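Hi,

Here is the structure I promised to pass on.

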Amino acid sequence: MSPKISVVVVPRERFCFAQRSLQSLLDNTDYPHQLVYVDNKSPRRLKRFLQERSREHGMEVCRSEHYRSPNACRNLGLRHVAHDSKYICFVDNDVVFQRGWLGKLVEAAEETDATAVAPLVCQWEPVHQTIHCAGGDYLPEEEKQSFLEAHQSDVPAHDGRTCDLKEHIYRQGEKVEDVKHELRRGPVDFVEYHCVMIRRDFFEQNGILDERFQCTKEYIDLAMSIATAGGQIVLEPTSIVTFLSHPPAPAVSFEDMPFFVLRWSD
């Protein structure tokens, strides 16, 4: 039998792309799934739209009456996923999808036994053409192994050891058409949170996501957590999504400003 999947939509930084994103998800997701939408104190217009789509498509909407951080939203969504879902796919509310994206992630996860699988992420418009993230690494290999050995040992986590992240995103700014013959499914040190599918048992064994994170590097924290748990992250480049908030996206609207400035405040 095919594994059961729960897709959890969470707000990234604003609401202006949310209707387009959700419609794209509904139109282009042919793999059976449970859909959970975290309504993070969205504006009245979007709240009504979500209620309508919920009635039409059986989508479960979890509304918060105060702004939550993205990780807090993901944890809220986690509490509503079906108990028999094998995978949980988090997607941001400013992402649009190429048809068949989810089935390809499931296929990659089943064939590699990876802890997490992510698609090729593109940026802005025209959609699915300019790469934003094809995975990446956050430490040179020698430093990464030293970090993992320290954190997988019995040494207390507060022993004062630190490491300086040296984040490197693969293929950013390159055209999909120019490099698609070079892109292969394979392990990467990290993927971004725009869209990532994670095995449910990772959360059962390691707990929920850290809600104290209020910065852009939540995905590095996830990657380090997976690595220290002995897991693996895999990129599946035949699955493609595009996030729309990347410049030159429109300036932040007045309606979106309260959540945006809270999300990115110091």
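First, the ground rules. This is a predicted model, so to speak of local features I needed pLDDT of at least 70, and side-chain atom pairs count only at pLDDT 80 or more, while totals for chains, interfaces and linings use all residues. Residues are numbered from 1 along each chain as its sequence is written, and side-chain values use heavy atoms, with hydrogens and water left out.

Helix packing

Helices and strands here are DSSP runs numbered from the N terminus (H or I with at least four residues for helices, E with at least two for strands). Helix α1 (residues 18-28) and helix α2 (residues 44-57) have axes that come within 10 Å and cross at roughly 15°. Axes are lines fitted to C-alpha atoms, for helices over the stretch in contact, with angles from 0 to 180 degrees between N-to-C directions. α1 and α2 are therefore roughly parallel to each other; angles under 35 degrees count as roughly parallel, over 145 as roughly antiparallel, 65 to 115 as roughly perpendicular and the rest as oblique. The crossing of α1 and α2 is right-handed, that is, the near helix is turned clockwise from the far one by less than a right angle. On the α1 side, the contact (heavy atoms within 4.5 Å) uses Ala18, Gln19, Leu22, Gln23 and Leu26, and α2 brings Arg45, Leu46, Phe49, Leu50, Arg53 and His57. By class, that contact has six nonpolar, three polar and two charged residues. For the classes, Ala, Val, Leu, Ile, Met, Phe, Trp, Tyr, Cys and Pro are nonpolar, Asp, Glu, Lys and Arg are charged, and the others, Gly among them, are polar.

Helix α5 (residues 141-151) and α8 also have axes that come within 10 Å, crossing at roughly 65°. That makes α5 roughly perpendicular to α8, and the crossing is right-handed. Phe147, Leu148 and His151 of α5 meet Met224, Ala227 and Thr228 of α8, a contact with four nonpolar, two polar and no charged residues.

Grid points are joined across faces, edges and corners, and a volume is the space filled by probe spheres set on the points.

The second largest pocket has a volume of about 220 Å³. It has 17 lining residues, and the closest to its centre are Arg12, Glu192, His194, Thr216 and Tyr219. α3 (70-78), α8 (218-228) and α9 (257-264) each supply at least two residues of that lining, which divides into six nonpolar, three polar and eight charged.

The whole structure has two cavities of 30 Å³ or more. The second largest cavity holds about 30 Å³, and strand β2 (residues 34-40) gives the most to its lining, with four residues.

Cis peptide bonds join glutamate 125 to proline 126, with omega about 0°, and proline 247 to proline 248, with omega about 10°. Proline 126 sits in the loop between β6 (116-123) and β7 (131-133). Histidine 128, in the loop between β6 and β7, has a positive phi of about 65° although it is not a glycine.

Cheers

Note on methods. 1 Å grid on protein atoms, 1.4 Å probe; cavity = no way out; pocket = protein on both sides within 12 Å on 5 of 7 lines; lining within 4 Å.
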